Amino acid sequence: ADITDVANACGIHVHVGGDCGSASTIGGHYYNQSVIASDPWKPIMYIAKVQEAMGVTIKVVTGVTSEDVAGRTVIVHDASGHRIACGVIPDPWGTRIQDPGSTSNETGKDATVDSA
């Protein structure tokens, strides 16, 4: 399938929110917008072939630290750009973020999210 012009298609991105409970708390892609002009997560995507899996580690320059990313959500998007999986990034520093509008202080909570 041609996914060239599909926003978020097959993407794996860190998002602003810290709770997988609902799509409204996940927010958009997380990066320092005052330092990085364009969304560094846009080109980040996975490729899956039938019965073949491999991993590649790439550096995504977001203008934030590992501590800043801890406690936020990581989202997997399908070929149509919809959110199909969500997980909270562990916070080994104990600096769990608290997003405005979120009342959850739980970490490590996983959920499947079916809305874009």
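User: Contact means heavy atoms within 4.5 Å, so leaving aside its neighbours within four places in sequence, which residues is threonine 62 in contact with?

Analyst: Threonine 62 is in contact with Tyr30, Tyr31, Asn32, Ile36, Pro40 and Trp41. Keep in mind that this is a predicted model: local features need pLDDT of at least 70 and side-chain atom pairs count only at pLDDT 80 or more, while totals for chains, interfaces and linings use all residues. Residues are numbered from 1 along each chain as its sequence is written, and side-chain values use heavy atoms, with hydrogens and water left out.

User: Got it. Where does threonine 62 lie?

Analyst: Threonine 62 is in the loop between helix H1 (23-26) and helix H2 (66-69). Helices (H or I, at least four residues) and strands (E, at least two) are DSSP runs, numbered from the N terminus.

User: Is threonine 62 buried or exposed?

Analyst: Buried, because its relative accessible area is 9%. The cut-offs are under 20% for buried and over 50% for exposed, with partly exposed in between (1.4 Å probe, protein chains only).

User: And isoleucine 36, what does that touch?

Analyst: Not counting residues up to four places away in sequence, isoleucine 36 touches Tyr31, Val61, Thr62 and Gly63. Ile36 also belongs to the largest nonpolar core, together with Val14, Tyr30, Tyr31, Trp41, Ile44 and Val69, seven residues in total. A core here is a set of buried Ala, Val, Leu, Ile, Met, Phe, Trp, Tyr and Cys residues joined through side-chain atoms within 4.5 Å.

User: Which residues does the second core include?

Analyst: That separate core has five residues, among them Cys20, Ile26, Ile75 and Cys86.

User: What lies over the face of tyrosine 30?

Analyst: Arginine 72 does, at 3.8 Å from the ring centre. A charge sits over a ring if NZ of Lys or CZ of Arg is within 6 Å of the ring centre and within 35 degrees of the ring normal.

User: Let's zoom out. What pattern does the protein follow along the sequence?

Analyst: The pattern is β-α-α-β-β, from two helices and three strands. The protein has 116 residues, and 34% of them count as buried. For contacts with a separation of 6 or more, 63% come from residues 24 or more positions apart.

User: What order do the strands have in the sheet?

Analyst: S1-S2-S3, in an open sheet with antiparallel pairing. Strands S1 (12-15) and S3 (83-88) are the edges, and each pairs on one side only. Two strands pair if DSSP finds at least two bridges between them.

User: How many bridges join S2 to S3?

Analyst: Five bridges join S2 (residues 73-77) to S3, while S1 and S2 pair over four.

User: Which residues of S2 are on its covered face?

Analyst: Thr73, Ile75 and His77 are on the covered face, with Val74 and Val76 on the uncovered one.

User: What about the hairpin of S2 and S3, how many residues sit between the strands?

Analyst: Five, and glycine 81 there takes a positive phi near 90°.

User: What phi does cysteine 10 have?

Analyst: Cysteine 10 has a positive phi of about 55° although it is not a glycine. Most residues other than glycine have a negative phi. Asparagine 8 likewise has a positive phi, about 70°.

User: Where is asparagine 8?

Analyst: Asparagine 8 lies in the segment before S1 and counts as partly exposed, because its relative accessibility is 27%. Cysteine 10 is found in the segment before S1 too, but cysteine 10 is buried at a relative accessible area of 11%.

User: What does cysteine 10 touch?

Analyst: Ile3, Ile44, Met45, Tyr46, His77, Asp78 and Ala79, not counting residues up to four places away in sequence. The C-alpha atoms of cysteine 10 and isoleucine 84 are separated by 9.8 Å, although these residues are 74 apart along the chain.

Notes
Contact means heavy atoms within 4.5 Å.
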